[in-house]
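User: Could you go through this model with me before I set anything up on it? I'd like the definitions spelled out as we go.

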Amino acid sequence: MYTLGIETSCDETSVSVTNGNDVLSNIVTSSVHLHSKYGGVVPEIASRFHLEYINPVLKKSLKTAGITLKDIELVAVTKEPGLVGSLLVGVSMAKALSFSLSVPLIEVDHLIAHLYANYMCYRDISFPVIGLVVSGGHTSIMLMDDIDKQKVLGRTQDDAAGEAFDKVAKILGLGYPGGPIIEKRALSGDAGKIRFPRSFIKKGSLDFSFSGIKTAVLYYVNRHKSSGLNEAVINDICAGFQEAVCDMIVDNALLACRKSKISTLVIGGGVSANVRLRDRLTQEAEKWSIRVSSPPLKLCLDNAAMIGGLGEALYKKRS
Ligand code: KG4
Ligand code: ZN
């Protein structure tokens, strides 16, 4: 069925047309350039941007899919989690369209949609799986028995993984969003030169803590800035930081699989675009015969297709 997906939970305004797991269009526009000088998303700026762009993005999405509003059979929208003002724009648009077109409306959880992106690409993944969401606002590990049946096994106790990337990039004066910039700088750095602490909540716990490593980077920078932090040192800091974050994520995600005796790990969220993290997860998982599934890059970052895909699957399951 033709499903219109709408995603406005943070700084991406996105509208898609999907049919089952087939993506007919997935238009994403971002206000990221407006936030970069602040080192993080400014909620007021993000919601104003959504208001301005939601209509043009909708039009472009329909045109790309080659359909009109009259063809839409279901509207799916991100309900939570996210910035309240930003969510409101998408939800208001979705409600207005559902009402005026007389089609059903389904509200979707953004985090589950990140994981569902895997099911849209790889048809051979079956439940149960361990889901790992690593994004700018969330870091959690869950046991997924079905698309509507999850249990959180662990989550961050302070900063999210993506937030740590963003804050470290800000400390180093590298801009926003931090993840892709740090990943690029790390390629020219030596991950073994500076060892940052790995925080583990307590033995056997699947919770995370990323605020310690962020503070460790801050202390390192403050201690060394008088002697000058040249580009090479910044690259080494990026590489050392990224490696520490990868270690923490890999250890907990694979521990969750082993504890639950589940041999499939599905990952999603902006940080899952990180190639070093993907490689480390895949390498370590092989030792335990665990399969790691990660969506292609365009479905890792915030996008409406994952919302439409999950929305239709949930709708069909309920009706
Ligand atoms: O899922 P997402 O697009 O939005 C949220 O739902 O939060 O994730 C955005 C986060 C940002 O913190 C960004 O720095 C991080 O994902 N990110 C990355 C990479 N690309 C985006 N982190 C590490 N490596 C990347 N390549
Ligand atoms: Zn997200």
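User: Fine, what are the ground rules?

Analyst: This is a predicted model, in which local features need pLDDT of at least 70 and side-chain atom pairs count only at pLDDT 80 or more, while totals for chains, interfaces and linings use all residues. Residues are numbered from 1 along each chain as its sequence is written, chains are lettered from A and ligands numbered from 1 in the order in which they are written, and side-chain values use heavy atoms, with hydrogens and water left out.

User: Which residues are the protein donors of the zinc ion (ligand 2)?

Analyst: They are H110 through NE2, H114 through NE2 and D302 through OD, lying 2.0 to 2.2 Å from the zinc ion (ligand 2). Donors here are N, O and S atoms within 2.8 Å of the metal (3.2 Å for Na, K and Ca), and since water is not among the atoms, sites may look incomplete.

User: How are those donor residues spaced in sequence?

Analyst: The pattern is H-x3-H-x187-D. Helices (H or I, at least four residues) and strands (E, at least two) are DSSP runs, numbered from the N terminus.

User: Are H114 and D302 buried or exposed?

Analyst: H114 is buried, with a relative accessible area of 0%, and D302 also counts as buried at 15% relative accessibility. Buried means under 20% relative accessible area, exposed over 50%, and partly exposed in between, using a 1.4 Å probe and protein chains only.

User: And how many residues of α4 are buried?

Analyst: Eleven of its twelve residues are buried, so the helix is mostly covered, and among them are H110, H114, Y116, N118 and M120. From its first C-alpha to its last, α4 reaches 18 Å, close to the 16 Å expected at 1.5 Å a residue, where the expected span is 1.5 Å times one less than the number of residues.

User: Switching to packing, how do α5 and α8 cross?

Analyst: The axes of helix α5 (residues 161-171) and α8 come within 11 Å and cross at roughly 170°, and the two helices are therefore roughly antiparallel to each other. Axes are lines fitted to C-alpha atoms, for helices over the stretch in contact, and angles run from 0 to 180 degrees between N-to-C directions; those under 35 degrees count as roughly parallel, over 145 as roughly antiparallel, 65 to 115 as roughly perpendicular and the rest as oblique.

User: Which residues make that contact?

Analyst: On α5 they are A161, A164, F165 and V168, and on α8 they are F241, Q242, V245 and I249, contact meaning heavy atoms within 4.5 Å. These residues divide into seven nonpolar, one polar and no charged. In that count Ala, Val, Leu, Ile, Met, Phe, Trp, Tyr, Cys and Pro are nonpolar, Asp, Glu, Lys and Arg are charged, and the others, Gly among them, are polar.

User: What does D236 touch?

Analyst: Not counting residues up to four places away in sequence, D236 touches G189, D190, K193 and I194. D236 lies in helix α8 (residues 231-260) and is buried, with a relative accessible area of 10%.

User: What about E183, which residues is it in contact with?

Analyst: Leaving aside neighbours within four places in sequence, E183 is in contact with Q242, A273, N274, V275 and R276. E183 lies in helix α6 (residues 178-187) and counts as buried at 18% relative accessibility.

User: Where are the cis peptide bonds you'd flag?

Analyst: One is the bond from F127 to P128, with omega near 0°, and P128 sits in the loop between α4 and β6 (129-134). Another is the bond from Y176 to P177, with omega near -5°, and P177 is found in the loop between α5 and α6.

User: Which serines have a positive phi?

Analyst: S102 has phi near 55° and lies in the loop between α3 (84-101) and β5 (105-109), where S102 counts as exposed at 66% relative accessibility. S289 has a positive phi of about 55°, lies in the loop between α9 (275-287) and β10 (291-293), and is exposed, with a relative accessible area of 61%.
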